[in-house]
Structures are given as C-alpha cells and as structure tokens.
Amino acid sequence: MSVEFIGMIGTHEVSEIHPARGPVVDPDYTLRFARAHEEAGFDRVLIGYGSATPDGAQVAAYVAAHTERLGLLVAHRPGFVAPTLAARTFATLDQFSGGRVAVHIISGGRDAEQRRDGDYLGKDDRYARTDEYLEILKRAWTEEEPFGHEGRFYRFEDFHAEVRPRQRPRIPLYFGGSSQAAYAVGGKHADTFALWGEPLAETAEQIASVHRAAKAAGRTEPPGISVSFRPVLGATEEQAWERAHRILDTITTKGPAGSFTSSRWGRETLGSPTTGGPEPQNVGSQRLLTAAARGERHDRALWTATAAATGAAGNSTALVGTPETVAKALLDYVDIGVTTLLIRGYDPLDDAVDYGRALLPLVRQELAHRAAGNG
C-alpha cells in the first residue's frame, strides 16, 4: 500500500513559536516554502483558510505556476460564495494546474470566526448547508446537462458550467471535523476524512464512526482517513525531547506567536482550563484537550503538551523522537487504517526540508518493504 503525505504552506513566515515576519503576502517566501515541499517529496500542501488571510485559490494558482508536480489542497468554507461559482473557480484552477487540485471542506468550528465573514448560522445549520453545498458542487463538476436546484440554502435554475475539472470524474474532496454532524456529512461526501492527531485508540474509534456514517449514507467504499501531527525530530531521543521542551517553553512563556490561518491569538482562540479561556466550541479541539488532560505522553511518541498550551487551536499534537521513532509512530496509524499523513513543523520551512530528508523516506521504505511481502 502507499500513503499520501501532505504538508502545509503559508504566504509569510509565522508559527506558534515565530512571530510573523515580512509582508502578509511574500511571493518569494511562498515559493521557497512550496518548492521545499516539492523537493522533499510531499504529495500535496494544504493552503489554510482564515477570515483575515490571503485567498487560498489565488495562492494555489501562484504555487501551481511555479512548481511541477506538487498537489494543492485548498481549504474552503461553504457559505461565502455560491457553490456554482466555487465549482467554476476550482475547475479552472484544476485545468491551469494540470489536475493537481483538491479541496478541503471546513464547515467552521467557531462562531466568532464565522461571523467575521458575515456567517451567523449555528453549527448544526452550517453542517446542513455544507451537505447541500457539496451535493451541488459534485453535480456541477459532473453533470453533462443544465440543471436547477431548490433547497433550504440554495436556489438556481438552468446551471451549466463550460469549464470542468481536468481530473475525472471530479476534484477530490477532503473533509475535516470530529462531531457527529461532521461524521454524517463527511462520511457521505468526502474522498478523505481528516482528523487531528489523537492517541491510537481514540483515532480508531473516530475511524469507525466515519465508516459507519459512510455506510449509513449508502457508500460501498469508505473514505480515506487523514491524521495530522507536528513532528519534532532529533538525532537522538534526548535531543528530540530537548527541542520539544524548548518549543513548549517558548509557547508557555511568550504565548503562541501566530499561525498560517490567524495572527489573532486571544482568549477566544486559546480556550481551555490550562490557558484560562473558555472551552473551545469545536469538538476536535475538545477531544485533543481531553487527551492532554489524561497525560502528556501517549502510545509510541504522541505528545499533547503543545495542544494544551495552545488550547488545541488547530492540529497541535506532536510526535517526538528520532526519525526512526517518529516513522514507526506514523506507521502505527497506517496500521489502523490511516491513508494520509498531514505533517508540519514549528519551524515550518526548515522542518519541511528535514522531513523530506529524514522522515518520509523511512515511512515509504517500510511500506515498500511490506508491499514486497517482507513485512
């Protein structure tokens, strides 16, 4: 079997331990960042979505024009543009990129963040809207004849798109979430369902929930599963843990500096008993904080202290150790059904280079070894 590796890029230098530097859109840095992932052997890069960040489709178009094979996973929130327009936008991008586009659907986990873009729907309604949105999006990419739609959130007549995706039958859909509503909608529509990095037992439970939802929706094949981590590598175990604690010390003493999707780190973002803010609204963050409350270390190499320190704002659990240890930890997740591994570092560009040199080859070598009947 094979596994897909996804990284994450932004348009300027920033992370939880590095305050933002340079202009918000730094073309040279964006290109160095993307090419570092391409040269490191990543299959795709995620381009995140935030209410104040540069438009992901335009970032993807720029990266596509300056890279050769790197896949582009564009985060997208339903509800801010019509699904018919989104279908044409992504189909056009897929054509210009040579069929390298995928779309990551996020329905929105925080009311305050949604309202910055003018969305006042509650969580359940957001997922209901996403369900309807994805039905339309998929039809717009595949229907040969004009069609209309009259639903709860969208209504139109005689729609037909001349531009279609280069990929057939359509652009791949990724979907993130950890609530029952997310399982239902993602299980129905997603090609790959994305989870944050929890302990193995809890991840297996979530995979089972996604598979049950897919079956309930009438699917004969369940979606693939993505899990996200923040690997912290060292030449020895001791060096890896020393680096991990330096990262944690920076976060806890100075506060998180920023992220690719927001530089507004405040009480609404840092929500947990450990940070003094309110409990986060999204179930994914709540689950990470629950795991952190049980202990900092889990399984082979999972470390939850960084999740606790940031209020689990985004994918924030680490895998700590030598490349060999972290590769084995990633393979533990592959063994329970994970098909995609999304990894990004606290030193984003340098870590991407390091992962390509030291980590990705180990995972792929072991999978090739197994495929040859030696595992």
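Guide: Let's start with Gly 311, which counts as buried because its relative accessibility is 1% (buried means under 20% relative accessible area, exposed over 50%, and partly exposed in between, with a 1.4 Å probe and protein chains only). Gly 311 sits in the loop between α10 (305-309) and β14 (318-321); helices (H or I, at least four residues) and strands (E, at least two) are DSSP runs, numbered from the N terminus. Pro 256 is 55 residues away along the chain, and its C-alpha atom is 10.0 Å from that of Gly 311.

Before going on, a word on what you are looking at: this is a predicted model, in which local features need pLDDT of at least 70 and side-chain atom pairs count only at pLDDT 80 or more, while totals for chains, interfaces and linings use all residues. Residues are numbered from 1 along each chain as its sequence is written, and side-chain values use heavy atoms, with hydrogens and water left out.

The loop between α10 and β14 also holds Asn 315. With a relative accessibility of 7%, Asn 315 counts as buried. Its contacts (heavy atoms within 4.5 Å), leaving aside neighbours within four places in sequence, are Trp 196, Ser 228, Phe 229, Arg 230, Leu 342 and Arg 344. Of these, take Ser 228: 87 residues separate Ser 228 from Asn 315 in sequence, yet their C-alpha atoms are 6.1 Å apart.

Now to the nonpolar cores, meaning sets of buried Ala, Val, Leu, Ile, Met, Phe, Trp, Tyr and Cys residues joined through side-chain atoms within 4.5 Å. The largest has 74 residues, and Phe 5, Trp 141, Phe 175 and Leu 330 touch the most other members. Apart from that core lies another, of 14 residues, including Ala 309 as well as Val 232, Trp 303 and Tyr 346.

The axes of α1 (residues 27-40) and α12 (residues 348-374) come within 8 Å and cross at roughly 10 degrees, so α1 and α12 are roughly parallel to each other (angles under 35 degrees count as roughly parallel, over 145 as roughly antiparallel, 65 to 115 as roughly perpendicular and the rest as oblique).

Some backbone details deserve a look too. Most residues other than glycine have a negative phi, and most peptide bonds are trans. Arg 168 and Pro 169, however, are joined by a cis peptide bond, with omega about 5 degrees; Pro 169 is in the loop between β8 (155-159) and β9 (173-176). Asp 158, in strand β8, has a positive phi of about 55 degrees and is exposed, at 61% relative accessible area.

Finally, confidence: the mean pLDDT of the chain is 93, and 94% of its residues reach 70 or more (pLDDT is the predictor's confidence in each residue, from 0 to 100). Over residues 263-276, though, the pLDDT is below 50. Where pLDDT is low, the predicted coordinates should not be read in detail.

Methods. Axes are lines fitted to C-alpha atoms, for helices over the stretch in contact, and angles run from 0 to 180 degrees between N-to-C directions.
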